[in-house]
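Please look over the structure shown below before turning to the questions.

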Amino acid sequence: MNLLIAAVAGFLLAALSEAALLPLLRNLKFRQHAYEDAPQSHQVKTGTPTMGGIVFVIALLPLVAQWSSDRSLFAPMAAIPLAILLLVAACALIGFIDDYSAIRKGKNAGLRARTKYLLTALAAVVFLQYGAAQSPYGDVLFHAGSIVLTVPHAVWVVLGILAVSGTIHAVNLTDGLDGLAAGTMVPPLAALALIASSFGLASYAPAVAALLGAGACIGFLVYNRHPAKVFMGDTGSLALGALLSGVAIAAGEMLLLILIGGVFVAEALSVIIQVTYFKRTGGKRIFKMSPLHHHFELSGWPETTVTQRFWLTSAALSAAGVALVFALGAVHVR
């Protein structure tokens with residue numbers, strides 16, 4: 001599949017699917033319940049349709065065709081398109097169960113965090129062992145040109161589980177403002193697509209998956225930009241986290257997630273720091289509220305300003321990631 005066509009296909013599939021899905025979500029009364037401890041301004045969001053993130057799975061369906069093609073084009077990568085799709089679909093299903101449970105309870109409290117961690121870790125194990133490990137980049141943490149950083153397989157699997165689960169839950173934490181998670185996801189996916197496509201046929205499948213996902217995020221933003229007509233829910237945020245980590249691992253760029261996904265890393269760290277400091281100081285806080293986007297909201301930034309600045313930060317970090325890979329590859333060749 002042509003890479004430009006992949007991006008356009010992802011956009012159209014997401015945008016058209018969401019248009020068809022919205023009336024169904026309303027009829028089924030799949031509505032968001034704002035967190036009780038979220039900023040007061042968020043209470044007006046209660047009642048907005050949720051679980052719209054299922055369109056991210058729909059937008060990746062062309063990977064089935066890519067899988068059929070890859071079996072004859074490049075055997076070692078044949079499992080990758082289907083493996084990425086199945087990882088995303090599995091995590092979307094976990095998110096759907098979480099969302100549905102919260103809706104039935106009538107409050108924003110679905111699956112326990114430890115349950116989600118365990119289920120996503122299991123999905124990661126299957127992906128790593130039966131998908132990514134079959135590619136030429138199995139056991140690779142980072143590569144740029146002829147620079148290749150590898151580790152023993154067991155270590156790679158453990159780090160891969162942490163990368164998938166960590167990314168998934170970091171994206172989940174970031175999904176707290178209109179358009180925030182979807183818009184922040186576009187630059188790192190585009191960066192991975194650019195990097196992976198430069199490696200030739202061996203990384204073509206991850207590049208296609210990344211651009212389908214990036215296009216889908218833009219298509220979703222048609223409905224999710226402020227004021228949002230629909231939320232992705234955990235159905236969407238877990239799917240996007242799985243997509244980003246899955247593409248990075250399949251392209252041999254697991255370590256690069258820390259840089260290009262820096263906004264998601266910062267959001268997760270803000271929660272860890274806040275909770276740890278709160279417990280150790282008997283109730284004191286470093287941030288006005290975590291995750292980090294709420295701190296800026298309570299500092300007086302309008303919601304749209306927070307979102308746009310997080311998008312720009314994501315774009316800058318993703319550009320830095322691309323520059324790093326290409327610069328290291330060029331230096332090593334010389």
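Q: Which residues line the second largest pocket?
A: In this predicted model, the second largest pocket holds about 150 Å³ of space. Helix 4 (80–105) and helix 5 (113–130) each supply at least two residues of its lining. The lining consists of Ala79, Leu82, Ala83, Leu86, Leu87, Ala90, Ala123, Val126, Phe127, Tyr130 and Gly131.

Q: Which helix gives the most to the lining of the second largest pocket?
A: Two helices, helix 4 and helix 5, each bring at least two residues to this lining. With five residues, the one that gives the most is helix 4.

Q: Which helix supplies the largest share of the nonpolar patch?
A: The patch on the surface is formed by Leu149, Leu255, Ile258, Val265, Leu269, Ile272, Ile273, Tyr277 and Ile286, which together have about 750 Å² of accessible area. Five residues of the patch, its largest share, come from residues 262–280, that is, from helix 11.

Q: Is Leu255 buried, partly exposed or exposed?
A: Leu255 belongs to the nonpolar patch and sits in the loop between helix 9 (233–250) and helix 10 (257–260). Its relative accessibility is 38%, and because this value lies between the cut-offs of 20% and 50%, Leu255 counts as partly exposed.

Q: Is Met51 buried or exposed?
A: Met51 is found in the loop between helix 1 and helix 2 (55–59), and its phi is positive, about 75°, although Met51 is not a glycine. Its relative accessible area is 3%, and since buried means under 20%, Met51 is buried.

Q: What is the relative accessible area of Asp139?
A: Asp139 also has a positive phi, near 75°, in a residue other than glycine, and it is found in the loop between helix 5 and strand 1 (140–144). Asp139 counts as partly exposed, with a relative accessible area of 22%.

Q: Which element has the lowest mean pLDDT?
A: The protein averages a pLDDT of 90, and 90% of the residues score at least 70. Where pLDDT is low, the predicted coordinates should not be read in detail. Helix 10 has the highest mean among the elements, 98, whereas the lowest, 72, belongs to residues 62–73, which form helix 3.

How values were computed: Residues are numbered from 1 along each chain as its sequence is written. This is a predicted model: local features need pLDDT of at least 70, side-chain atom pairs count only at pLDDT 80 or more; totals for chains, interfaces and linings use all residues. Side-chain values use heavy atoms; hydrogens and water are left out. Patches are made of residues with over 30% relative accessible area and no salt bridge: like charges are joined within 9 Å, nonpolar side chains (Val, Leu, Ile, Met, Phe, Trp, Tyr) within 5 Å. Accessible areas come from the Shrake-Rupley method with a 1.4 Å probe; for residues, only the protein chains shown count as cover. A salt bridge is a side-chain nitrogen of Lys or Arg within 4 Å of a carboxyl oxygen of Asp or Glu. Helices (H or I, at least four residues) and strands (E, at least two) are DSSP runs, numbered from the N terminus. Buried means under 20% relative accessible area, exposed over 50%, partly exposed in between (1.4 Å probe, protein chains only). pLDDT is the predictor's confidence in each residue, from 0 to 100. On a 1 Å grid over the protein atoms alone, a cavity is a set of points where a 1.4 Å probe fits but cannot get out, and a pocket is an open set with protein on both sides within 12 Å along at least five of seven lines; lining residues have an atom within 4 Å of a point. Grid points are joined across faces, edges and corners, and a volume is the space filled by probe spheres set on the points.
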